[in-house]
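Please consult the sequence and the structure before working through the solutions.

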Amino acid sequence: MENSAYLAFAIPAFFLFVWLEYKIAKRKKMKNVFKYESSISNISIGIAERLLNLFITGSFYQLFIFIYDNYRLFTLPNTWWIWIVMLLATDFVWYWYHRLGHEINIFWGAHIVHHQSEEFNYTVAARITTLQAIVRNVFWCVLPFVGFHPSLVMAILVVHGVYSFFTHTQVIGKLGWLEHILITPSLHGVHHASDEKYLDKNYGDVFVFWDKLFGTFQAEEEKPNYGLTHPIKSYSFLWQHFHYYLELYEAAKRQQTIKGKLKIYFGSPAVMDQDIRPEIEKKWLSKNKKDGYHFPFKTYLNIQVFVAFSTMLAMTYFYSSLDSLTLLTGTAFVLITLINIGAQLEQKRWVPYLEHIRFLIFSLFIIYESGYYYLLIFPFILILIIERIFNFSKWYQQKVLKIF
Ligand SMILES: [Zn+2]
Ligand SMILES: [Zn+2]
């Protein structure tokens, strides 16, 4: 895929802008722009999405071609103005994909992750899950169906991807007359707010007029409070991804009829029973985590983020030349690392066992690739020794996770 090499350059640019934003926010003495744990979890979610996207982008491109070849309504000419029409068409589809993402529970379960951050900065732009990417791609199928060529669609989607990155910042203020034409950082900040008057507003990506047309426009007046109306109190990678689907499952279970169950999945998030969240939080969230807890070994967290990021970047760049075993191992290694980071922030008791699994995946792969198969038993023996003789898990829980 030609796209993947391009992405391998775009991803480091992301970090350059995050760094610049951090420096500017510091110089302007702006408060509450960044929070360490929140940035780590935003970036973790972004790494997983970029990685898993490698596996789905190609299939959706094939699907776009299939729809275009067999079912397109019109054959649109390949001239300069088709780009303008397409920018408008994609922005229109985006508006509805995004709006339905807020109004239908099963879609909101994927999109809610983008709104969990209580800080608003460039790292939030990375907070997109693979599930959301899949939902979005299903909506994009409309474009080849209308008659836009799949290769043009892929090109314009890059424009959307880049544009929506730049609207996630507080360091750029209001932009004068542009506020009347484009979705600016100020207008998208309103979309991320939990204040009553800002709820369910500004769904557009590039242009502001869809919101004005469909009655969802709101300019920034008071400074927004960012995040969800009911914040999720957890930096766990798994919890952030799946808590809303657990809530839906629980809510559907309480319904007696099939119609009632379907109403939960396809109904509005606004009518969800608010008692369900606290109940499942009690069941699933860490019981060890103390208020105000911060994982004490930031360097260890940073190294893990860097390793997960570098592995994802290398896989992106070399994607087409990697065999299935390498892709599978790399993916498992990165995902376990991201789950590990979230679990460390949440003082989860099972982190040491996850460390063992990650070590096994990594070492068994290296040994297998080197061809010294008789060494495959050694990683198991090593774990047995450090557990039996040094009581590793107990030591880890007490000294690293501070669980007593
Ligand atoms: Zn949204
Ligand atoms: Zn956003």
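Two exercises with worked solutions follow.

The model is predicted: local features need pLDDT of at least 70, side-chain atom pairs count only at pLDDT 80 or more, and totals for chains, interfaces and linings use all residues. Residues are numbered from 1 along each chain as its sequence is written, while chains are lettered from A and ligands numbered from 1 in the order in which they are written.

**Exercise 1.** Describe the side of domain 1 that touches domain 3.

*Solution.* 
Step 1. The protein comprises domain 1 (2-213), domain 2 (237-284) and domain 3 (298-400), with bounds from an automatic or database domain assignment.
Step 2. The C-alpha centres of domain 1 and domain 3 are 32 Å apart.
Step 3. To the contact (C-beta atoms, placed from the backbone, within 7 Å), domain 1 gives 15 residues and domain 3 gives 17 residues.
Step 4. On the domain 1 side, helix H1 (2-27) and helix H2 (36-71) each give two or more residues; helices are DSSP runs of H or I, at least four residues, numbered from the N terminus.
Step 5. H2 supplies the largest share of this side, 10 residues.

**Exercise 2.** Is alanine 48 buried or exposed, and with which residues beyond four places in sequence is alanine 48 in contact?

*Solution.* 
Step 1. Alanine 48 belongs to helix H2.
Step 2. Alanine 48 is buried because 24 C-beta neighbours lie inside 10 Å; the category requires 20 or more other C-beta atoms within 10 Å, against 12 or fewer for exposed, with C-beta atoms placed from the backbone.
Step 3. Apart from neighbours within four places in sequence, the contacts of alanine 48 are Thr130, Leu335 and Leu338.
Step 4. Threonine 331 is 283 residues from alanine 48 in sequence, with a C-alpha to C-alpha separation of 8.7 Å.

Conventions. Two residues are in contact if their C-beta atoms, placed from the backbone, lie within 7 Å.
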